[in-house]
Amino acid sequence: MRRRGAAGRGRGGPETVEIAGSRLPDCSHACGSCYPCRLVMVSFVCASLEEAETCPMAYKCMCRNKSYPVP
């Protein structure tokens with residue numbers, strides 16, 4: 001985790017925190033003119049309980065029961 005802000009430079013202001021790692025996909029423009037466009041997590045059924053921790057997950061953008069590819 002890295003902290004960034006103006007406080008260390010003698011200026012007042014809000015400090016932001018950046019966390020290293022991946023982000024969730026952004027669906028803000030994926031559904032075209034359809035609104036609301038929401039990110040939906042799609043999970044797969046794993047064959048055994050041991051595989052449950054490594055079971056793959058995917059995301060889709062959904063709007064009015066129609067799915068759109070994640071950009």
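Reader: What kinds of elements does the chain have, and how many helices and strands are there?

Author: There are 5 strands and 0 helices. Keep in mind that this is a predicted model. From the N terminus on, the elements run β-β-β-β-β.

Reader: How do you know which element has the lowest mean pLDDT and which the highest?

Author: pLDDT is a confidence score from 0 to 100. Strand β1 (residues 2-5) has the lowest mean, 45, while strand β5 (residues 66-68) has the highest, 93. Over residues 1-10, pLDDT stays under 50. Where pLDDT is low, the predicted coordinates should not be read in detail. For the chain, the mean is 75, and 63% of the residues reach 70 or more.

Reader: What makes β3 and β4 a pair?

Author: Two strands pair if there are at least two bridges between them. β3 and strand β4 (residues 57-63) are joined by 6 bridges, so they pass that cut-off. They run antiparallel. As for who faces whom, Val 40 stands opposite Lys 60 in β4.

Reader: Why is one side of β3 and of β5 left without a neighbour in the sheet?

Author: Start with the order: 3 strands form an open sheet, β3-β4-β5, with antiparallel pairing. β3 (38-43) and β5 stand at the edges and each has a single partner strand, so one side of each has no neighbour in the sheet. On average, neighbouring strands of this sheet are turned by 50 degrees against each other, direction ignored.

Reader: What makes a residue count as buried, and what share of the chain does?

Author: Buried means under 20% relative accessible area. Of the 71 residues of the chain, 13% count as buried. The chain exposes about 6300 Å², and carbon and sulfur atoms supply 54% of that.

Notes
Residues numbered from 1 in each chain as written. Predicted model: local features only at pLDDT ≥ 70, side-chain atom pairs only at ≥ 80, totals over all residues. Heavy atoms only, no water. pLDDT = per-residue confidence, 0-100. Helix = DSSP H or I, 4+ residues; strand = E, 2+ residues; numbered from the N terminus. Contact = heavy atoms within 4.5 Å. Buried < 20%, exposed > 50% of the residue type's maximum accessible area, 1.4 Å probe, protein only. Areas by Shrake-Rupley, 256 points an atom, 1.4 Å probe, with all protein chains shown as cover. Axes fitted to C-alpha atoms, helices over the stretch in contact; angles between N-to-C directions.
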